[in-house]
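Welcome! Have a look at the sequence and the 3D structure below, and then we can walk through some helices and pockets together.

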Amino acid sequence: LFAIFEKEADKILKEEVYKSNEFAITFLGRLEKFPTHLREKMDLIQERSQDYAKRMINVAIGYNGRTEIVDAAKKLAQDVAEKKIDVNTINENTFKNYLYANFSDPDMIVRTGYTQRLSGFLTYQSTYSELYFMNKFWPEFSREDLGTVVSEFDSRVRRFGK
């Protein structure tokens, strides 16, 4: 898997697809568990693509939603202990700053692979996300599929828990 990931990272860096498609790439997860040379490539991709933030692609790798919440709670507890933050100022917004990456909650999550579950993906952030399940694997996902997903999203009425 590392070899496949490294091949794709090299391809992104060489072809600079983030420029032509105007998207920034962020990696989230326990990135410290990856070999140094892969982390350096991830850092380089994030750095080079950060100015193209018309769209965001968040790549969850070495990621688990529950672990993200536990890691955030540990960092927050450390900051409270060191008096960097007052416990009375903690709310959903301040907590969110301790997650792996601070980005808007996803409007829609598309799950491929013939599976109808989130498997711990964006546990905290997915509270009001619309879900779309596809009976095909990710490499088979096409432009037409994207159009179908967007049309499906546009047809939904979002109530945000109301």
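## Helix α1 and its neighbours

The buried residues of α1 pack against β1 and α3 (36-49). Here, packing rests on contact, meaning heavy atoms within 4.5 Å, and buried means under 20% relative accessible area, exposed over 50% and partly exposed in between (1.4 Å probe, protein chains only). Helices (H or I, at least four residues) and strands (E, at least two) are DSSP runs, numbered from the N terminus.

Which residues of α1 are buried? They are F5, A9 and L13. Seen down the helix axis, the buried residues of α1 fall within an arc of 70 degrees, so they line one face of the helix; the arc is that of the directions from the helix axis to the C-beta atoms. On the other side of α1, you can find A3, I4, K7 and K14 exposed. Just after α1 comes E16, with a positive phi of about 50 degrees.

## A word about the model

This is a predicted model, where local features need pLDDT of at least 70 and side-chain atom pairs count only at pLDDT 80 or more, while totals for chains, interfaces and linings use all residues. Residues are numbered from 1 along each chain as its sequence is written, and side-chain values use heavy atoms, with hydrogens and water left out.

## Helix α4

Now turn to α4 (residues 65-81), which has 17 residues. From its first C-alpha to its last it reaches 24 Å, close to the 24 Å expected at 1.5 Å a residue (the expected span is 1.5 Å times one less than the number of residues).

Buried in α4 are G65, E68, D71, A72, L76 and D79. They cover an arc of only 135 degrees around the axis, which puts them on the same side of α4. R66, K74 and A81 are exposed on the other side of α4, and the buried residues of α4 pack against α5 (92-96).

## The largest pocket

A pocket is an open set of points on a 1 Å grid over the protein atoms alone, where a 1.4 Å probe fits, with protein on both sides within 12 Å along at least five of seven lines; lining residues have an atom within 4 Å of a point.

The largest pocket is lined by 50 residues, and M56, I57, N58, V59 and W138 lie nearest its centre. Helix α1 gives the largest share of this lining, eight residues.

## The second largest pocket

What lines the second largest pocket? The residues are E92, N93, K96, D105, Y124, Q125, T127 and Y128.
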